[in-house]
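Here are a few notes to read alongside the structure.

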Amino acid sequence: MQYQQISSLGSHLFYMMHTAAQLPEIYTSEAGAVYQCDRHNRLMLSFAGELTVLKLDAFLRLKRTVDKIDLDAMASSPERSSDFSIITVCGCDRCFVLPLTEVYALKELLSGAKFVLELNSMLHECLNASLV
Amino acid sequence: MKDLLRLRTSLSETIEQILNEQIKMEAEASAMYLAMSSWCDRNGFDFSAGYFKQQSDEEREHMLRLFKYVSDMGGRAISPSVNNIQIEFESFRSVFEQALQQEIAVTQSFNRIADKCQKEKDYVTFTFLQWFLKEQIEEEYVARRALELFEVIGEEGTGQYEIDKRVPKIKYEDEYEG
């Protein structure tokens, strides 16, 4: 990961130092990875060589926004503006400007991460249930 | 690994979404009742205008009750946009017909939410919904009784005036008195 690409260096640096060594990896694809920081209750999205730290709310907003992008319309439209999608969400300091292939990759990465978050939730529930 | 989803809110994404849809439905119902009140007012149905205004306030209270619940549970309560509310109505009777249809739609919607809660095993929300399900008994009763006045009294002569006068007096008794 490249340090100069990170916007607010202070907090991000902390996360970066912990990423590989300590933070649990939620989901990985060829395009990137999502980590979870239990100390700060944050998710970290590593995508296209950049690291983005997100609260869960912002992560879910980003996923909803990406899911709404119509990939078929992007692919079939001859407009030059359809070649890229600009993705900005509240609570995320990164503005994604992505071509179709990267939107697809981000969509897959976020879906995978969301699935694992839900799976983790179910496992917690099952473990709690077994205690009763 | 912490369960971040559950730490954020005890509502699942699906339940949060359908509750927000219901918030919107209640807001639209409130706006619709206000439109009915306005129509009655400008057509000389003074008592019915007051009745629909009161109904509008009640629907807004329902909306706020749902809104508070979503917020209290850590969810994202969405203040809804309400557009394209009907202004004109065909007749005095059609206003009440639409009011009843609206209440039926609200009851059906709450039934669907209750069903969804059971499927998702969200018994906290299911319990919260009981108040609304009970409330709908009264809402539908009053709307149906109001419409029945058109049959019982008839619209001829001073009929509409009599109906208008009787509408706010409709009360639901939830205890059976022999």
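1. Start with helix H2 (residues 13–42) of chain B and helix H4 (residues 92–119) of chain B, whose axes come within 11 Å and cross at roughly 170°. Helices are DSSP runs of H or I with at least four residues and strands are runs of E with at least two, numbered from the N terminus. Axes are lines fitted to C-alpha atoms, for helices over the stretch in contact, and angles run from 0 to 180 degrees between N-to-C directions. The crossing therefore makes H2(B) roughly antiparallel to H4(B), a term for angles over 145 degrees.

2. Which residues make this contact? On H2(B) they include Ile15(B), Ile18(B), Met25(B) and Trp39(B), and on H4(B) Val95(B), Val106(B) and Ile113(B) are among them. Two residues are in contact if their C-beta atoms, placed from the backbone, lie within 7 Å. By class, the contact of H2(B) with H4(B) has 13 nonpolar, four polar and one charged residues. Ala, Val, Leu, Ile, Met, Phe, Trp, Tyr, Cys and Pro count as nonpolar, Asp, Glu, Lys and Arg as charged, and the others, Gly among them, as polar.

3. A word on the basis of these notes: this is a predicted model, in which local features need pLDDT of at least 70 and side-chain atom pairs count only at pLDDT 80 or more, while totals for chains, interfaces and linings use all residues. Residues are numbered from 1 along each chain as its sequence is written, and chains are lettered from A and ligands numbered from 1 in the order in which they are written.

4. Chain A has four helices and six strands, arranged along the sequence as α-β-β-β-β-α-α-β-β-α. Of its 132 residues, 23% are buried, meaning that 20 or more other C-beta atoms lie within 10 Å of the residue's own; 12 or fewer count as exposed, and anything in between as partly exposed.

5. Have a look at Ala48(A), in the loop between strand S3 (42–47) and strand S4 (50–54) of chain A. Ala48(A) has a positive phi of about 50° although it is not a glycine, and it is partly exposed, with 14 other C-beta atoms within 10 Å.

6. In chain B, Asn84(B) also deserves a look: it has a positive phi of about 50° and is not a glycine. Asn84(B) sits in the loop between helix H3 (46–72) and H4 of chain B and is exposed, with 7 other C-beta atoms within 10 Å.

7. Finally, how do the chains meet? Eight residues of chain B are in contact with eleven residues of chain A. The chain B side divides into four nonpolar, no polar and four charged residues.

Conventions: Angles under 35 degrees count as roughly parallel, over 145 as roughly antiparallel, 65 to 115 as roughly perpendicular and the rest as oblique.
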